[in-house]
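Q: I would like to learn how to read a few features of a protein model. Where should we start?

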Amino acid sequence: MSALSENVTEITEKRLKLEDNCSSPSTESFQTVTAKGSQKVAGSKLPGHHNRGILATNVLMSNMDETGKEVNSNPTGDVKVADIRNDLHKFEYNRKDDCQSGVTENDKISRQYNDPTDPKLDRIQGSILLPNSKMDVKGVYGLSEANSIVSDKVIIQKKSSNGDKAVTSSMPDCKLSKVTTTSTQKLNLSLSLNTSVNADVEMLSPESPTCKVSLHNNSGESAHSPPVPQASYVQPCSSLESSPFVNCGVVNPEGINEKPEVTAMETEDSDGQKCSISLFPKNKEGKEDPATTDKEQLQMSEPVQPPPLNSDKKWLGTPIGKLRRMPQCAQPLPHLRASENHKVLIRTDLLKESEVPAPYPSKFRDAWDDMTVKMPCSEKNLFPVENEDGSGVQSRWELIRSALESGCKSSLDIRDAILSYNTAHAKRWDFTALNFLCTDGLEHSEVQHLFDVILPEMVKLALSAPKICTQPIPLLKMNMNQSLTMSQEQIACLLANAFFCTFPRRNSRKSEYSNYPEINFYRLFEGSSPRKIEKLKTLLCYFRRITASKPTGLVTFTRQSLSSSPKWESSATQLTRLHITYEGTIEDQGYGMLQVDFANRMVGGGVTGLGLVQEEIRFLINPELIVSRLFTEALDHNECLIITGTEQYSKYSGYAESYKWKASHKDQTPRDVWQRRCTEIVALDALKYRHFMEQFHPDKITRELNKAYCGFKRDGVNTQNLSAIATGNWGCGAFGGDTRLKALLQIMAAAEAGRDVAYFTFGDADLMRDVHGLHAFLTEQQITVGTLYGLLKQYFNVVCKNSHSQRPDVNLYGFIYEQISSDPVPEPSPGPSSSSSHLSTAASTCPSDSH
């Protein structure tokens with residue numbers, strides 16, 4: 001190694017002398033003018049020329065005193081002095097020619113430039129994201145920018161750490177391709193040539209959000225400057241296009257490109273040189289195939305990292321068009337009829353398309369018990385009054401009718417009417433949000449239409465309850481498997497009553513309904529939060545639509561309980577198909593699928609209060625969901641609520657504080673033979689964690705698996721007739737769930753239920769890559785749900801129990817990769833998992849969980 005240092009020093013001195021002879025006296029920085037703009041480059045200035053050739057071997061000479069030790073510490077010895085000297089002589093020859101003839105704007109590199117449409121260029125363009133960092137290495141063998149030059153020789157751009165613009169350099173010898181860079185700071189040259197561990201290589205598009213952030217944070221360039229990659233060092237190879245392999249070098253542990261770094265790269269030629277992990281899987285002909293597939297070829301001799309992904313795609317996995325949707329995959333429905341476990345509130349014999357269903361029975365049946373909803377129009381709904389004979393009672397329904405029929409010409413009239421039959425809450429209820437909506441939140445013409453048209457029709461709808469909702473509405477209580485089907489008109493009537501706060505005994509947590517969600521809208525009217533204004537706009541859009549034209553469909557609410565859970569550890573079920581994307585939404589792109597509502601155990605969460613995240617937004621744009629709060633008791637650990645047939649009435653933008661009602665929405669979803677929209681939503685309440693680590697406990701994992709399985713399974717239905725599941729980061733917001741764990745649990749539960757999965761990461765491209773990579777790996781290795789469950793238990797026992805920090809020392813996906821690649825895959829067994837871990841608690845090379 002000392003001989004290498006002496007020879008490199010000698011070469012460096014010759015190089016410096018050559019540049020001194022070739023350069024003009026001016027040593028100030030100069031600008032390179034390209035189609036992309038001017039670029040400042042440190043070095044000697046040749047008037048009127050680009051001077052690109054000056055930088056040909058700066059990666060080997062810049063600050064050699066500081067980097068010599070790292071170069072000499074190369075354990076492989078693959079970099080030969082003779083190769084370096086030979087390559088330098090070739091450069092000097094070309095450099096002398098340039099100095100003598102003058103370098104024009106169309107310099108040596110430009111003359112070597114081939115047609116930019118050359119398919120060779122397309123094949124080697126790309127972007128590599130180093131593991132556990134934000135450094136973007138673009139085009140290991142070439143640039144993806146239009147002004148990049150790639151032919152038989154390799155051109156690599158390098159960004160300097162002090163914000164200087166990068167330039168390109170021609171490589172005269174493809175057997176030893178060196179990287180060029182310019183920087184006024186010291187160059188930290190670090191060659192990592194260790195081939196014992198497979199590198200984590202991920203392809204990242206410069207147009208993807210993650211890449212854009214990375215380039216912006218690491219460059220300091222203007223928005224008009226082209227993105228430039230981290231430099232790479234290329235080892236000798238016979239052909240750069242034959243079998244590209246890469247082994248990632250040393251990077252900043254925080255993923256910040258503070259100094260230029262060098263990535264060691266290895267290639268495997270016909271002589272059988274050692275290699276790391278392939279950038280692209282090989283096709284049947286043995287050539288590199290850059291196309292991303294569901295099943296990547298993975299090396300199992302060493303710990304395996306996620307397969308390389310072509311992330312310029314906005315989705316990965318199975319195309320969403322290949323997943324099953326309703327009604328195409330549905331089995332024929334039987335004739336709709338009531339049964340002991342299915343209450344139907346309409347005349348099924350008169351059910352016709354595009355006609356408002358007739359209520360059943362024809363006359364109102366009163367009930368005031370613990371098994372049904374206490375209706376405002378019940379004769380038992382009494383109101384205390386004082387009369388000449390002392391205290392007495394009167395019909396509360398008559399008081400409601402009198403107050404509402406008197407007319408409402410302002411928000412104050414609405415307030416007075418509501419408080420007249422809710423006197424116990426007169427000092428507590430606040431109508432600030434409603435007042436603001438009517439004075440400042442709407443245009444004058446909209447306010448006039450509200451009080452002249454919409455509200456009078458809402459009053460009529462609410463007061464028609466005895467004619468529309470004639471049958472007692474059953475309560476869907478805990479541990480019941482029961483369904484309730486009602487018409488959209490009946491739901492509209494109930495929601496109009498909720499708006500005017502008419503439901504009795506539902507305004508106090510001390511009543512018999514303490515374990516039920518709130519249904520009266522009084523919390524929507526209070527406070528001055530902009531959220532309330534947008535919520536009211538969304539709901540008033542619904543009331544405008546249904547009062548102008550009566551809806552004609554049906555909606556079914558099913559409370560489903562899991563009587564016995566699967567034997568997760570002994571499950572031999574293989575994983576099903578996965579489509580995952582960081583764009584789109586469950587309600588839009590997941591149409592016709594089973595759509596997951598990230599629910600509160602009190603369904604609807606804070607929809608009538610301040611809440612405005614996934615569940616609340618879904619209940620606002622599909623307001624018929626809100627009526628479930630009237631009769632659905634809090635969900636137990638083994639229960640879910642399935643709602644089929646609700647309609648979307650509004651478009652929106654934003655989320656939480658940024659939520660805005662946009663416009664009315666015309667739902668074109670087809671109906672089934674029961675006249676229900678083919679929109680099936682399942683409310684699943686995840687656990688809420690006080691501490692991050694507790695969610696990895698086997699008991700918590702089992703609970704979440706059982707909860708998801710309860711929502712996904714359908715007894716007696718063939719899996720070919722089950723739609724895919726449209727879901728996302730369930731329980732990962734305020735509930736503190738880990739996105740990667742929750743994704744894996746849902747995939748496992750879906751597989752056990754025989755359903756495919758469409759997963760929406762809501763803008764998280766890293767999560768998309770991680771989940772797809774693990775799913776492809778598990779599918780390729782034919783890992784069963786039972787084996788995966790055993791690995792989750794191992795992870796808790798080996799990693800979580802021994803961790804002294806708030807988060808695991810080894811991330812979950814890294815642990816799974818390590819265990820499967822280092823140990824034979826055990827067969828699922830009914831007993832506890834006997835496989836032991838061989839993974840230390842050192843940091844994993846997979847991207848850490850951070851949400």
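A: Start with burial: a residue counts as buried under 20% relative accessible area and as exposed over 50%. Note also that this model is predicted.

Q: Is T646 buried or exposed?
A: T646 counts as buried because its relative accessibility is 0%. The residue sits in the loop between β18 (639-644) and β19.

Q: What does the side chain of T646 make a polar contact with?
A: The partner is the side chain of N622, at 3.2 Å. Beyond four places in sequence, the contacts of T646 include N622, E624, D667 and R677.

Q: How do β19 and β20 pair?
A: Strand β19 (residues 650-653) and strand β20 (residues 660-664) are antiparallel, with four bridges. One of the bridge pairs joins S650 to S664 in β20. The two strands form a hairpin with six residues between them, and G654 in the turn has a positive phi of about 80°.

Q: How should the buried residues of a helix be read?
A: An α-helix has 3.6 residues a turn, so residues three or four places apart point the same way. In helix α9 (residues 411-420), the buried residues are S411, I414, A417, I418 and L419. They pack against α8 (396-405), α10 (432-441), α11 (444-463) and α13 (488-499).

Q: What is the average pLDDT of the protein?
A: The average is 74, and 60% of the residues score at least 70. Over residues 88-93 the pLDDT is below 50, and this stretch has ten contacts beyond near neighbours in sequence. Residues 831-851 also stay under 50, with 63 contacts beyond four places in sequence in the model. Where pLDDT is low, the predicted coordinates should not be read in detail.

How values were computed: Residues are numbered from 1 along each chain as its sequence is written. Side-chain values use heavy atoms; hydrogens and water are left out. Buried means under 20% relative accessible area, exposed over 50%, partly exposed in between (1.4 Å probe, protein chains only). Contact means heavy atoms within 4.5 Å. pLDDT is the predictor's confidence in each residue, from 0 to 100. Two strands pair if DSSP finds at least two bridges between them. A polar contact is a pair of N or O atoms within 3.5 Å; within protein, one must be able to donate a hydrogen and the other to accept it, and residues adjacent in sequence count only if both atoms are side-chain atoms.
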